[in-house]
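Hi there,

Here is the model I promised to pass on. Have a look, and my notes follow below.

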Amino acid sequence: MQYHALSLARHGRDVALLGYLRRTETCCGAGGYGWCPWRTCGDCENPPGLPAIAVAWLACLFWRSKLIIDWHNYGYTIMSLSHGRSHPLVQIAKWYEKLFGRLSDYNLCVTNAMKEDLWVNCNIKAVTLYDKPAAYFKETPLELQHRLYMKLAEDCEPFKPQYVTESVSWNGEKSAFTEVDGSSGHVRKSRARPALLISSTSWTEDEDFSVLLKALEGYEQYINEGVKLPPLVCVITGKGPLKDYYNGLISKLHFKHIQICTPWLEAEDYPLLLGSADLGVCLHKSSSGLDLPMKVVDMFGCCLPVCAIHFECLHELVKHDENGLIFRDSDELAEQLKMLFLEFPALEGKLHSFRKNLRACKQLRWDESWDQTVLPLLGQNE
């Protein structure tokens with residue numbers, strides 16, 4: 001919704017953004033909140049649409065405005081994760097979404113699969129507006145990487161070089177991944193650096209992080225069996241209700257070659273870290289099977305290859321063996337991690353090939369996509 005608001009303002013619209021006030025780590029898969037009315041039309045993201053869609057519809061009636069719903073998922077399917085599909089509240093939410101979806105003037109959705117489902121099951125005609133990364137999601141220059149690692153090393157031990165202990169001082173010229181060349185003063189990547197794996201989450205029920213933890217156990221076992229693999233630093237960013245639960249599981253793991261940290265990043269640091277990482281992992285399983293993970297969109301914006309867990313319409317974003325890999329369980333993910341990092345950090349193999357493909361695809365950014373898809377709809381309201 002912030003992207004919509006900025007795009008409208010960029011085209012000279014007088015925008016009022018209404019939403020929950022909360023500190024955010026930028027768009028990292030946690031979803032947006034609130035709705036956004038302006039002079040000629042009102043835009044409401046779903047979910048969360050209860051009661052926002054009804055309120056937006058009433059406001060549009062009062063102001064004689066048009067209502068646009070941006071469908072990112074179905075709220076009732078998210079409710080069903082904890083209540084079950086047959087629960088009365090879930091059924092009411094399903095009826096509510098169908099009703100107000102038909103009352104809207106225009107509908108946007110994030111996949112072609114959702115577009116078809118809205119039409120077949122709800123008689124709602126929608127236009128597909130794929131989530132696209134903002135311009136600041138891009139590969140991070142090496143000097144910026146170094147500054148970011150230095151900053152994160154102040155609170156996260158895995159970002160400090162291996163030789164640093166409580167009895168050894170750290171001069172800040174070297175991180176676990178980068179170092180300053182003593183003769184030239186230029187930043188370079190450390191020769192024996194670990195691989196940097198990143199995932200982001202809102203720590204909710206639709207992401208089972210035990211899959212990643214079990215895969216990391218498998219990766220550790222490969223190293224113990226003599227497979228030549230680099231050590232891993234695994235960063236899992238975000239906040240949410242299940243974070244303490246998974247931190248408890250992580251604390252019980254005793255890896256020798258893997259370090260895990262779960263920081264809360266400042267908004268400007270999140271895209272920088274994505275642009276610095278070697279591999280992204282996505283455990284988002286759509287509650288409806290019809291939406292796509294925003295975190296992968298952002299990772300691809302940073303030309304970061306991804307391993308993502310399978311669900312029905314994921315192929316609309318992740319092209320298996322082209323820009324990443326799709327897995328179904330922890331064993332398959334462990335095999336993929338072994339295959340991708342076997343030649344690390346050599347500039348060859350699948351990992352490098354995926355990154356080259358992402359660089360070459362020249363994907364549309366949010367502003368270009370919005371101008372092509374949404375702006376014509378607003379022109380009809382002039």
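**What turned up**

D181 sits in the loop that lies between strand 6 (178-180) and strand 7 (187-189); strands here are DSSP runs of E with at least two residues, helices are runs of H or I with at least four, and both are numbered from the N terminus. Because its relative accessibility is 14%, D181 counts as buried (buried is under 20% relative accessible area, exposed over 50%, partly exposed in between, with a 1.4 Å probe and protein chains only). Its side chain makes a polar contact with the side chain of S183 at 2.5 Å (a pair of N or O atoms within 3.5 Å; within protein, one must be able to donate a hydrogen and the other to accept it, and residues adjacent in sequence count only if both atoms are side-chain atoms).

A word on the source: this is a predicted model, where local features need pLDDT of at least 70, side-chain atom pairs count only at pLDDT 80 or more, and totals for chains, interfaces and linings use all residues. Residues are numbered from 1 along each chain as its sequence is written, and side-chain values use heavy atoms, leaving out hydrogens and water.

Now to strand 4 (residues 106-109), which is covered on both faces: Y106 and L108 are buried on one side, N107 and C109 on the other. Strand 4 runs parallel to strand 3 (residues 66-71), joined by 4 bridges (pairing takes at least two DSSP bridges), and D70 stands opposite L108. On strand 5 (residues 127-128), also parallel to strand 4 and joined to it by 2 bridges, T128 stands opposite C109.

Enjoy exploring!
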